[in-house]
Amino acid sequence: MIEFRYDTQLLIEGKDLDESAIRDYFINNFMGDSLIAVGDDELIKIHFHTNEPWKVLEYCASLGEIFDIVVEDMIRQSNGQQG
C-alpha cells in the first residue's frame, strides 16, 4: 500500500536558497517521505512523496521560480494507468 500518493518533483531557481533550511521546512511542515532537496544557493532540486502536492508547490513558489514540475499519481501507476 502506498501511504503518500503523489511523487512531486520540481526545480526552484532563486537567490540565496538554503538547502538545509528547505529540507528542515519540509520535515517540520509536510507529511511525506522520500525527500530529496539538493542544489546550491541558486538552484534546488526537490523530490518528495506526499498526499498534498499543492502545498509543496505553494511553499516552493514562495522561494523563487519553480519549473520542470512533475506530479505523478503513484497509485494509478501501480495499477498500470497513466500517472
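Visitor: Which residues does M74 touch, not counting residues up to four places away in sequence?
Guide: The model above is a predicted one, and in it M74 is found in helix α3, which covers residues 74-78. Although M74 and E3 stand 71 residues apart in sequence, their C-alpha atoms are 10.0 Å apart in space. Once residues up to four places away along the chain are set aside, the residues that M74 touches are I2, F4, R5, Y6, D7 and H49.

Visitor: Is M74 buried or exposed?
Guide: A residue counts as buried when its relative accessible area is under 20%. The relative accessible area of M74 is 14%, and therefore M74 is buried.

Visitor: F4 is in contact with which residues, leaving aside its neighbours within four places in sequence?
Guide: F4 has its place in the segment before β1, and with a relative accessible area of 9% it is buried. With the neighbours within four places left out, the residues in contact with F4 are M31, G32, D33, H49, T50, N51 and M74.

Visitor: Which residues have the most contacts inside the largest nonpolar core?
Guide: In soluble globular proteins, nonpolar side chains tend to be buried together. In this model the largest nonpolar core has 13 residues, and those with the most contacts inside it are I12, F26, I46, V56 and C60.

Visitor: Which elements each supply at least two residues of this core?
Guide: The core in question is the largest nonpolar one, and it has 13 residues. At least two residues of this core come from each of β1 (6-13), α1 (19-29), β3 (43-50) and α2 (53-61).

Visitor: Which residues is C60 in contact with, leaving aside its neighbours within four places in sequence?
Guide: C60 is found in helix α2, and its relative accessibility is 0%, so it counts as buried. Between C60 and E19, which are 41 residues apart in sequence, the C-alpha to C-alpha distance is 12 Å. Leaving aside the neighbours within four places, the residues in contact with C60 are L10, I12, F26, I46 and I66.

Visitor: Are α1 and α2 roughly parallel or roughly antiparallel to each other?
Guide: The axes of these two helices, α1 and α2, come within 12 Å and cross at roughly 150°. Angles over 145 degrees count as roughly antiparallel. The two helices, α1 and α2, are therefore roughly antiparallel.

Visitor: How many nonpolar residues has the contact of α1 with α2?
Guide: Where the helices meet, A21, I22, Y25 and F26 in α1 face V56, Y59 and C60 in α2 as contact partners. By class, this contact has no polar and no charged residues, and the number of nonpolar ones is seven.

Visitor: In which direction, left-handed or right-handed, does α1 pass α2 in the crossing?
Guide: The two axes, of α1 and α2, cross at roughly 150°. The crossing in which α1 passes α2 is right-handed.

Visitor: Is K15 buried or exposed?
Guide: K15 has its place in the loop between β1 and α1, and from C-alpha to C-alpha it is 26 Å away from E52, which is 37 residues apart from it in sequence. A relative accessible area over 50% counts as exposed. K15 has a relative accessible area of 73%, so K15 is exposed.

Visitor: What is the phi of D16, which is not a glycine?
Guide: D16 is found in the loop between β1 and α1, and at 69% relative accessibility it counts as exposed. Its phi is positive although D16 is not a glycine, with a value of about 55°.

Visitor: What value is the phi of S34 near?
Guide: S34 lies in strand β2, residues 32-39, and at 38% relative accessibility it counts as partly exposed. S34 is a residue other than glycine with a positive phi, and that phi is near 60°.

Conventions. Residues numbered from 1 in each chain as written. Predicted model: local features only at pLDDT ≥ 70, side-chain atom pairs only at ≥ 80, totals over all residues. Heavy atoms only, no water. Core = buried A, V, L, I, M, F, W, Y, C linked by side-chain atoms within 4.5 Å. Buried < 20%, exposed > 50% of the residue type's maximum accessible area, 1.4 Å probe, protein only. Helix = DSSP H or I, 4+ residues; strand = E, 2+ residues; numbered from the N terminus. Contact = heavy atoms within 4.5 Å. Axes fitted to C-alpha atoms, helices over the stretch in contact; angles between N-to-C directions. Parallel < 35°, antiparallel > 145°, perpendicular 65-115°, else oblique. Left-handed = near helix turned anticlockwise from the far one by under 90°. Nonpolar A, V, L, I, M, F, W, Y, C, P; charged D, E, K, R; others polar.
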